[in-house]
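Hi,

Here is the structure I promised to pass on. Have a look at it first, and then read on for what turned up.

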Amino acid sequence: MMMTNSIGLVGFGSFGKFIYSHLSPYFEVKVHDEIISKGTLNKFKISNDPLEKVCQCDVIILAIPVQFLEKTILKISTFINKKSLVIDVSSVKERPVEMMLNLLPDTVGILATHPLFGPQSGANGISGLNMVVCPVRVHNVTLRYIVQFLEDELELNLLKRTPEIHDRQMAYVQALTHFIGRAINEI
């Protein structure tokens with residue numbers, strides 16, 4: 001089990017809800033979203049906590065579109081728990097990692113991740129699905145607990161990468177996918 005008392009989830013769109021459904025059985029998860037609806041709050045039986053409260057958690061997951069990442073990191077950088085671990089779930093890694101390193105306090109841990117699945121592909125469960133982890137500024141003991149939780153409890157297949165290798169591999173996969181799609185369309 002991960003050594004944490006609380007997880008703060010910033011962003012409660014479709015992926016944030018998906019994350020919440022998999023983590024809330026194990027942890028207290030505080031949620032903040034700028035545009036969350038009352039219907040969503042009632043459905044999940046949660047409150048929309050103030051961002052300042054969510055950022056005092058041991059682990060903070062940024063489940064927001066990458067175009068809002070810099071603004072959010074700037075906003076939280078002044079009041080974040082200085083011992084927190086910040087995890088992003090963006091589909092690209094180099095730019096988000098650069099932003100987190102440059103904008104978050106040096107005492108804050110950083111783990112870049114990319115779940116290679118989403119609410120649709122994980123609708124029948126996430127066991128055996130792939131997730132990329134890019135340890136950036138994570139204490140080895142903390143990383144070991146996170147890896148153990150993700151592998152043993154959630155049964156994910158973890159792929160350790162650098163942000164650069166991740167982005168290069170994703171660019172290749174996306175280019176190949178688009179090429180095949182165009183070829184099929186032309187046929």
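Let me start with the fold: β3, helix α4 (residues 69-76) and β4 make up a β-α-β unit, and its handedness is right-handed. Please keep in mind that this is a predicted model.

Strand β3 (residues 59-62) has parallel partners. Strand β1 (residues 6-10) pairs with β3 over 4 bridges in the parallel sense, and strand β4 (residues 85-88) also pairs with β3 in the parallel sense, over 4 bridges.

Now for the aromatic residues. The search of the whole structure gave 8 aromatic pairs. One of them is Tyr26 with Phe27, a tilted pair with 6.4 Å between the centres and 50° between the planes. Tyr26 counts as partly exposed because its relative accessibility is 31%, whereas Phe27 is buried at 8%.

Phe27 also pairs with Phe149: the ring centres are 5.1 Å apart and the planes are at 65°, so this pair is edge-to-face. Phe27 sits in the loop between α1 (14-23) and β2 (28-32) while Phe149 belongs to helix α6 (residues 140-153), so the contact ties together parts 122 residues apart in sequence. Phe149 is buried, as is Phe27.

Finally, Phe12, Tyr20 and Phe44 form one aromatic cluster.

Enjoy exploring!

Best wishes

Note on methods. Residues numbered from 1 in each chain as written. Predicted model: local features only at pLDDT ≥ 70, side-chain atom pairs only at ≥ 80, totals over all residues. Heavy atoms only, no water. Phe/Tyr/Trp six-rings, centres within 6.5 Å; stacked < 30°, edge-to-face > 60°. Buried < 20%, exposed > 50% of the residue type's maximum accessible area, 1.4 Å probe, protein only. Helix = DSSP H or I, 4+ residues; strand = E, 2+ residues; numbered from the N terminus. Pairing = 2+ DSSP bridges. Right-handed = clockwise from strand over helix to strand, strands pointing away.
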